[in-house]
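User: I'd like a close look at one part of this protein, please. Keep it chatty, but walk me through the details.

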Amino acid sequence: RTVYVNGDYLPETEAKISIFDRGFLFADAVYEVTSVLNGKLIAFDGHAERLKRSLDELGMENPISTDDLLEVHRELVRLNDIDEGLIYLQISRGAASDRDFAFPDPDEVKPTVVLFTQSKPGLADTVKPMKVISIDDIRWGRRDIKTVQLLYPSMGKMMAKAAGADDAWMVENGYVTEGTSNNVYIVKDGKIITRALSNDILHGITRAAVLRYAQEAQMEVEERNFTIEEAQNADEAFFTSASAFVMPVVQIDDKVLGDGKPGRVALRLREIYLDESL
Ligand code: PDD
């Protein structure tokens, strides 16, 4: 696999970053995941916009223009012959000369830019009826910034796995925030309900597209908080992310939703999303 590090395209085995990189030492880094279908980047502009915002919010200098970033994405798709898969991008504040909590002087330390691809043949064909568990959301308060602080979401996935489930929905002050790596929705009497945007959740690029398509298709959308209990009594549930698109949820903790099959609204939105993306 050929990867990109700070301006160079290299075999993955030759790519190197410093042990003093702040992404490694302090999780002082942001990331994006963009999917590729039929060799084409999905929603690149949205991901590039959000990346800029994440960098801004952390006072990190943007080391690469959106045009150059697009070029790197396209070049990696070409070099690695990606038909279906993902592109991972990470920008850290860079490698200071020592371990120090204070940010280094941006005139002396430049951000580290890393991109790599993951080939996932059949990515768009996989519809898995998902089982989720609920767990406390103990993450920090700026989940709108896409940082690489992913230890708790990783632990959440492991808790789900240990419980025989596929993912975990996180709950704060009684209300569902989001999944470990996705935005979540329920459907009741044809209405799509999802938490409103705030610092409590990541502003999903897939979420924005799916809500737009839902409204264009005259589906009713309500942005508000909901509890696990309300979700368990919903007609259906689903989640969205760049890598899973729209994925139906059929069980929440020990409660099976409806007839236990993927919901119609979720499947329809998935179809619309994939059609529009291709
Ligand atoms: N995760 N919420 C969280 C906590 C996420 O990590 C993600 C994305 C989303 C969905 O955002 P988007 O639609 O822009 O992908 C919501 C990516 C895919 C990941 O970590 O792999």
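Predicted model: local features only at pLDDT ≥ 70, side-chain atom pairs only at ≥ 80, totals over all residues.

Which residues of α7 are buried?

Analyst: Residue numbers start from 1 along each chain as its sequence is written. On confidence, the protein chain averages a pLDDT of 97, and 100% of the residues score at least 70; pLDDT is the predictor's confidence in each residue, from 0 to 100. The model also scores ipTM 0.98 and pTM 0.97.

Now to your question. The buried residues of α7 are Val 265, Ala 266, Leu 269, Arg 270 and Tyr 273. Buried here means that 20 or more other C-beta atoms lie within 10 Å of a residue's own; with 12 or fewer a residue is exposed, and in between it is partly exposed, with C-beta atoms placed from the backbone. Viewed down the axis of α7, those buried residues fall within an arc of 135°, so they line one face of the helix. That arc is taken over the directions from the helix axis to the C-beta atoms. As background, an α-helix has 3.6 residues a turn, so residues three or four places apart point the same way.

The expected span is 1.5 Å times one less than the number of residues. As for the labels, helices (H or I, at least four residues) and strands (E, at least two) are DSSP runs, numbered from the N terminus.

What does the buried face of α7 pack against? Its partners are β10 (183–188), β11 (191–194), α5, β13 and β14 (245–252). Two residues are in contact when their C-beta atoms, placed from the backbone, lie within 7 Å.

Setting aside neighbours within four places in sequence, Val 210 is in contact with Thr 240, Val 246, Leu 269 and Tyr 273. Val 210 and Arg 270 sit 60 residues apart in sequence, but 8.4 Å apart in space, C-alpha to C-alpha. Other buried residues of α5 include Ile 205, Thr 206, Arg 207 and Ala 209. The twelve residues of α5 should span 16 Å at 1.5 Å a residue, and the end C-alpha atoms are 17 Å apart, which agrees. Just after α5, Gln 218 takes a positive phi of about 65°.

α5 also takes us to the ligand. The shell around the ligand has 14 residues, the closest being Leu 202, Gly 204, Ile 205, Thr 206 and Ala 242; a residue counts as near if its C-beta atom, placed from the backbone, lies within 6 Å. α5 (205–216) and β13 (236–241) are the elements that give two or more residues to that shell, and the largest share, three residues, comes from α5.

One last stop, at β14, another partner of α7. Phe 245 lies in this strand and has a positive phi of about 60° although it is not a glycine. With 24 C-beta neighbours inside 10 Å, Phe 245 counts as buried.
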